[in-house]
Amino acid sequence: MAPRKTASVSSRKAAAKPAKKDFTGGTIAEFSKDDELKAYREMLLIRRFEEKAGQLYGMGFIGGFCHLYIGQEAVVVGMQLALKEGDQVITGYRDHGHMLACGMSARGVMAELTGRRGGLSKGKGGSMHMFSKEKHFYGGHGIVGAQVSLGTGLAFANRYRGNDNVSLAYFGDGAANQGQVYESFNMAALWKLPVIYIVENNRYAMGTSVSRASAQTDFSQRGASFGIPGYQVDGMDVRAVKAAADEAVEYCRCGKGPIILEMLTYRYRGHSMSDPAKYRSKDEVQKMRSEHDPIEQVKARMVEKGWASEDELKQIDKEVRDIVADSADFAQSDPEPDVSELYTDILL
Amino acid sequence: MPVEILMPALSPTMEEGTLSKWLKNEGDKVASGDVIAEIETDKATMEVEAVDEGTIGKLLIAAGTEGVKVNTPIAVLLQDGEGAGDIASAKTEAPKPASAEAPAPAAAPVAAQPKAEVPSDPAIPAGTEMVTITVREALRDAMAEEMRADDDVFVMGEEVAEYQGAYKITQGLLQEFGPRRVVDTPITEHGFAGVGVGAAMTGLRPIVEFMTFNFAMQAIDQIINSAAKTLYMSGGQMGAPIVFRGPSGAAARVAAQHSQCYAAWYSHIPGLKVVMPYTAADAKGLLKAAIRDPNPVIFLENEILYGQSFEVPKLDDFVLPIGKARIHRVGKDATIVSFGIGMTYAVKAAAELEAQGIDVEVIDLRTIRPMDLPTVIESVKKTGRLVTVEEGYPQSSVGTEIATRVMQQAFDYLDAPILTIAGKDVPMPYAANLEKLALPNVAEVVDAVKAVCYK
């Protein structure tokens, strides 16, 4: 099934009290050549990074859980294009893409995956637990749904300090059924907190499809009883994400309260590295890849418009591969944390 | 026969209250359910309803009277045909409280505690004036002082603002600091604990009040997985400077779901500090320290202690160190280690034992994590005998932890096995007699000390 677009969204416009009359989630942002190149490069970095992480996992360099973001790149890249300095990002355990999009170093992320001292958490956090004060990235959380309350707290802090920053709280279709999500919705709406709730609906909560777990499968409407407007967005098209992000950010920044964006997306890989993904057909995955791949869409547009030649795109690909290869080399050669680190960072 | 109306117990821990206002005068007719008076308890101002019909014959307690003990006759209600001459023959009948809250039993379940002799902490300058305040006031003063000093400090929780605190701990804070910094939350423990931790991760210093720590079980994931572990998981980049506070442990007759001590629970967790004060001075000095602490601090209070008074040094900025025990009473024959409400048993037992010729040293642990074991071991080196006292469950208790560590680190100094007095290994029963049995008592502590002294 292709992601639903405007046809299914427009009927909800009136009920959802849109931020603007034309805010349907189906808007496509106008991308300049530079926008397209930037989006292409950022998405490609996540794709290649995750492919490499998958490889290193298979080679035993990465342990534990490792959840890859492949297929969902347009969501975080599109959202990030709408942010300004000081806006915060928080997400769950499928977090590598978010960190790269926030500008955290590929070396730091990869070395954390391999549990080395040069990792962003000195090797003590791992795949699911990385943070960056400098980039306003607040993790990286392994408890499904916890980041929604925490992200609401980030927004609370913005309002408390009287700044105009917004907080982006990402979670999946699975987390959307957790109780604290609705506790957070209630408080965010009650206090008009500047938080954008981004439901990355990739159709499967681990192995359970949305329809098997959710009574209301339109996640954009999950805030309706709190009066939180919500929109479905084609999460495979970075321009649609950017357009929705722009409007949502503007809505939040001017003090209107929280907003929900449901990103209709898809993960190509299993839930984690150890998931054989037998709950869906190979055809389903293949169809998404061939018809809706977020990176191929940008590439095709650029080639069609003559904004980039195949050679130029290959050059970008090479640069990205070099960054990833460098991060992988670093992550394999960097030493493990000193044993003294066992007892540090427990209390200040 | 005329009916005596008695001072009602309107909260589980109420022993006395203020009869703030009569809403009926002598000679007024009242029907069942009429509000006849307003009473200020240790928690709130409550309305008292008449149970029976009749005419108010006499108001026995004047409006504005403070310290009216529960079950004191406050008025006489005359039945049809009775006059002033019948007042003397009145029989007793207790009114019912207007609220849905279950009244406490007629007999106050917890005897008034003797005022503790609190030795001055060494840091207090000689000649400092000591003022007697309740633990409740000490906690409020601590929060107010820290909020005045630092705009990043705010308090959030259920009923903390407009209601003035379910237990009146936040009384007056809304008026002084406004709704930005005194934040009423919905009944949403899991959610608002997460909101607090998120705000703390940005550098704000929230004080999250749980109406009781029993409700914090809904929030325990955010406390442990988010607040306690973030500093470690981020390699020291960010943590959560946050205080989770509220009453823990048994109150009085509130049964199993509202009566358990969380000291041992939270003391299990690396990344948390756990404080459980007994005196008002410790409550104030340690809460101020907790608010300033860059780590998440679990601050366990006790509903029964809220109304108890202690001397607190009158200093502009009275802060005590977290992680330091306090020698409450110096002795040589045996050591009792306790904390929080457990200290009430320890202190009384020490007095009884003194009369029997046994000189007990009483240590108030004050902080459960990090635990001040050196102070305990120094005492054990002197006395050779150790008894621990707490209200929590016996298995994996704070006492068993102390016993293990003292056994490992001071085995050669022990002249007897360490005895641990704790609550019984049962959910808290409701029935008054069973509840009493489930909690530790002074006699148990006295017996335990005599046992380790082989007397």
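## Two parts in touch

Two residues are in contact if their C-beta atoms, placed from the backbone, lie within 7 Å. By that rule, 24 residues of domain 2 of chain B are in contact with 23 residues of domain 3 of chain B. On the domain 2 side, α6 (263-267), β16 (273-275), α7 (280-292) and α8 (303-306) of chain B each supply at least two residues. Helices (H or I, at least four residues) and strands (E, at least two) are DSSP runs, numbered from the N terminus.

## About the model

This is a predicted model, in which local features need pLDDT of at least 70 and side-chain atom pairs count only at pLDDT 80 or more, while totals for chains, interfaces and linings use all residues. Residues are numbered from 1 along each chain as its sequence is written, and chains are lettered from A and ligands numbered from 1 in the order in which they are written.

## The domains of chain B

Chain B is divided into domain 1 (3-95), domain 2 (130-313) and domain 3 (326-452); the bounds come from an automatic or database domain assignment. The C-alpha centres of domains 2 and 3 of chain B lie 26 Å apart.

Now let's look at a strand of chain B.

Strands pair if DSSP finds at least two bridges between them. Strand β15 (residues 243-247) of chain B runs parallel to β17(B), joined by five bridges, and Gly246(B) stands opposite Leu300(B). β16(B) is also parallel to β17(B), with three bridges; there, Val274(B) has Ile298(B) as its bridge partner.

## Where the chains meet

The contact between the chains takes 34 residues from chain B and 32 residues from chain A. On the chain B side, the largest share, ten residues, comes from α3(B).
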